[in-house]
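Biologist: I keep meeting labels in structure descriptions, and I would like to know what stands behind each one. Please take me through them, value against definition.

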Amino acid sequence: MNILQAALLSIVFAIALVAPAGRSRAADSSFVQTAKLLAGDKTSGDQFGASVALSGDTAMVGAPGGDTAGALSGAVYVFMRDSAGQWQPGQKLVAGDSAAGDLFGGSIALHGDIALIGARGERSQGDFAGAVYVFTRDAAGIWQQTQKLIASDGSAGRLFGFSLALGDDVALVGARGTGDNGSAGAAYIFARNEQGQWQQAQKLTAAAAAPNDEFGCSVAVSGAVILIGACGDGERGARAGAAYLFTPNGQGQWQLLQKLTASDGGEGDEFGYSVALSDALGVVGARFANGAENHTGAAYVFAQSPSPIGTLVSWGEWQKLTAGNGVTGDEFGARVALTADQVIIGAPNSGAKGTGSGAVYFFTLNQNSNSGNPWEQTQAITARDEATGDGFGLSLASDENIILVGAPFDDTTVTNADSTITTFTDAGALYALALTSIPVACESKTTYDAARCSGSFTIASVSDIDQYGADDFGRKDNNGKYKHVTVSGSLNDPHLVIASPCTITMQSGARLQGDFVSVDGRLGVGSEGSFAIEAARACLLSEQASVELESGALISAGDVTIRAAKKAAIGKGATIDMHGDLIIESTGDLKGSQALLDADAVATAGSIRLQALRTARLGANATVAVDGGILLQSTGTASSSQVDLGEGAKLQATDLILSAPREAKIGKQVAVRLTGQLIMASTGDTSNSSTTLTKGAQVAVGGDADITSGNKVVLDKKTVLSVTGELHVQAASPQQCRINKSATVTAGEKSGNCFSGNR
């Protein structure tokens with residue numbers, strides 16, 4: 001291989017290992033589930049988590065279905081985060097005049113030592129007129145009700161308190177229900193007087209209010225800007241929706257600044273069903289976007305821009321956000337939230353883990369993006385114990401590094417002292433997510449003396465891992481010998497690390513879930529039948545033996561590294577769905593060592609690297625599609641070192657590199673489609689080294705192709721090689737170029753001795 005070829009090879013190696021364009025890698029930190037919070041006195045139907053608010057280390061969780069003062073009277077639970085970052089339960093709040101049907105806790109706003117709690121079913125002014133209760137935290141940290149707010153023109157059906165927002169000096173109460181002009185809706189502004197009491201200061205309505213607008217179905221406030229959703233607005237079609245921006249006019253009143261609608265809005269979208277606001281950024285959710293029959297959902301990001309009209313600013317639509325895997329009925333955009341550089345979107349009807357199980361999506365601003373869509377999806381999170389109908393994502397609260405997610409229809413199962421089981425249907429739950437650093441390196445964790453292994457230890461829960469480590473990896477009561485590990489069932493933890501000086505075996509049906517999953521078996525890692533890994537990053541390691549995942553493995557992850565001294569392999573029929581790099585690496589120079597993605601595997605990824613000192617192989621009939629590059633490389637010097645694509649494999653990628661000392665081969669009937677470059681090289685100069693396209697292989701290259709050998713280049717009969725750019729084919733001599741007469745070779749330009757000498 002000449003200097004130019006070596007340089008080109010190194011360039012494409014780099015391409016194969018960087019994050020592919022258009023797909024987001026797992027970041028160095030991500031939001032991970034750190035706690036699941038439940039009401040201490042839970043009962044069926046509480047819907048704990050229907051609303052949530054967060055301010056600093058204080059969280060409030062609404063349970064409007066609670067029955068403390070009668071059916072559906074409602075309650076709110078306070079949690080405090082301690083110095084260790086753990087959430088501890090505190091007070092339970094109820095209204096002083098709580099009554100059945102109030103739905104107290106249906107909405108919450110929290111700012112420092114002040115909380116607003118909505119009770120849209122309260123009936124002092126008529127059925128479902130609604131009320132809002134003010135709670136204040138005293139010097140001792142106790143929350144006490146200090147005021148009850150009602151609308152000055154309250155009436156039945158107004159739903160006063162349906163939505164709430166609270167700023168430094170302004171409280172905003174949405175009332176989407178029956179009122180002026182039918183259910184046109186309204187929002188009420190309250191300001192504090194010198195005595196600290198909240199008084200109604202203004203009533204806001206849409207400029208051209210119409211029945212069913214439902215102005216006030218969502219509200220947000222940030223500094224001197226108010227954002228109010230009117231999810232039923234019909235300007236762009238029935239229930240297309242709209243949102244309104246208000247700013248102070250300088251005389252103590254709030255005035256309409258702008259009406260926002262979606263650029264592609266249409267009937268039934270319910271744009272404005274949720275809103276979030278932070279400084280000069282606003283997000284508006286449209287849970288039924290894409291048509292009233294689809295309900296896939298969308299969210300729209302709006303940003304301020306200078307306006308030539310006085311000192312006002314105008315707001316423009318920046319980007320429409322949709323879920324990367326969104327499907328009909330998800331209701332993506334039912335809830336929205338903001339942090340400094342992220343937009344968080346709830347899709348409570350997503351079917352990720354069963355119909356209506358729910359999901360939350362994270363979008364991060366890519367400052368270096370050259371596309372018109374700089375907000376990129378970086379995470380999609382589901383609760384680890386999520387099930388059908390939980391509604392995960394139906395409420396959201398954010399405070400920079402902490403996200404709280406409600407799942408109000410979660411069913412809680414409790415094992416009683418007498419071993420009987422009680423299930424609380426729709427009791428609800430709240431999940432705490434924290435920004436957590438994810439390990440980048442996939443390195444050995446085991447540092448043991450020479451391992452003496454006998455017997456086995458079964459791990460079926462995270463607590464079992466702790467016990468196994470506490471017992472010195474199974475040596476307790478085992479004559480000083482370590483134990484082999486068998487993993488069964490589902491293990492869920494943000495950083496799930498299973499290490500052993502012996503072997504680790506995943507039983508059929510085992511499932512490993514976490515943002516970082518590491519399985520490190522010094523004497524080997526294996527599986528018995530199908531098992532699953534779901535992680536942002538995963539590492540499977542063996543320092544002295546093999547990592548062999550048997551047929552039927554299911555891997556859904558960001559980045560995955562499989563590294564072994566001997567054989568590193570994913571077995572037949574595996575399903576791999578990733579957005580980052582898949583690395584399968586054998587580090588030993590033993591005769592049987594190889595890196596293998598076996599036959600019939602189906603893999604999607606950002607890039608794939610199979611690397612070994614001996615053999616790197618993609619099995620027969622494997623189907624692989626990646627956004628970046630695919631690299632198969634044998635780095636050894638042995639005469640048997642080779643790389644090959646098995647018969648009937650199908651590949652789509654940007655770039656493909658096959659490099660080995662003896663043989664680089666594309667097998668029979670293999671189909672390859674590349675948008676970038678192809679490099680094939682047998683780097684040895686021995687008489688048996690070859691670079692081969694075998695009978696019936698079909699390779700289409702959108703860029704350049706470089707096919708070389710220290711000995712022989714073979715394009716077998718009925719192969720088809722189509723290259724848009726330059727095709728360079730070089731053997732040890734023209735006599736070592738074997739291009740069959742039935743082979744079809746086309747290129748924009750041809751070079752190399754295989755085209756200048758004898759065939």
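Biologist: Which residue of E15 is the bridge partner of Val221?

Modeller: Ile226 is the partner of Val221 in E15. A word on the background: this is a predicted model, in which local features need pLDDT of at least 70, side-chain atom pairs count only at pLDDT 80 or more, and totals for chains, interfaces and linings use all residues. Residues are numbered from 1 along each chain as its sequence is written, and side-chain values use heavy atoms, with hydrogens and water left out.

Biologist: What makes E14 and E15 count as paired strands?

Modeller: Strands (E, at least two residues) are DSSP runs numbered from the N terminus, as are helices (H or I, at least four). Two strands pair if DSSP finds at least two bridges between them.

Biologist: How many bridges join E15 to E16?

Modeller: Five bridges join E15 to E16 (residues 242-248), again antiparallel, so this is a pair by the same rule. Leu227 has Leu245 as its bridge partner in E16.

Biologist: What makes E15 mostly covered?

Modeller: Buried means under 20% relative accessible area, exposed over 50%, and partly exposed in between (1.4 Å probe, protein chains only). In E15 (residues 225-230), six of its six residues are buried. In a regular strand the side chains alternate between the two faces of the sheet. Here Val225, Leu227 and Gly229 point one way, while Ile226, Ile228 and Ala230 point the other way, and all are buried.

Biologist: Why is the link of Cys453 and Cys502 called a disulfide?

Modeller: The term needs a pair of cysteine sulfur atoms within 2.5 Å. From S to S, Cys453 and Cys502 are 2.0 Å apart, so they qualify. The angle about their S-S bond is -95 degrees, and the link is left-handed. Cys453 lies in strand E31 (residues 453-459) and Cys502 in the loop between E34 (495-500) and E35 (504-506), so parts 49 residues apart in sequence are tied together.

Biologist: How many disulfides does the structure hold?

Modeller: There are two. Another joins Cys737 to Cys754, with S to S at 1.9 Å, and both of these cysteines are buried.

Biologist: What makes a nonpolar core, and how many residues has the largest?

Modeller: A nonpolar core is a set of buried Ala, Val, Leu, Ile, Met, Phe, Trp, Tyr and Cys residues joined through side-chain atoms within 4.5 Å. The largest has 84 residues, and Leu645 is one of those with the most contacts inside it. Strand E40 (residues 554-564) gives the most to this core, with five residues. Apart from it lies another core, of 19 residues, including Phe79 and Trp87.

Biologist: Which residues are in contact with Leu645, leaving aside its neighbours within four places in sequence?

Modeller: Contact means heavy atoms within 4.5 Å. Among the partners of Leu645 are Leu618, Leu632, Lys665 and Val672.
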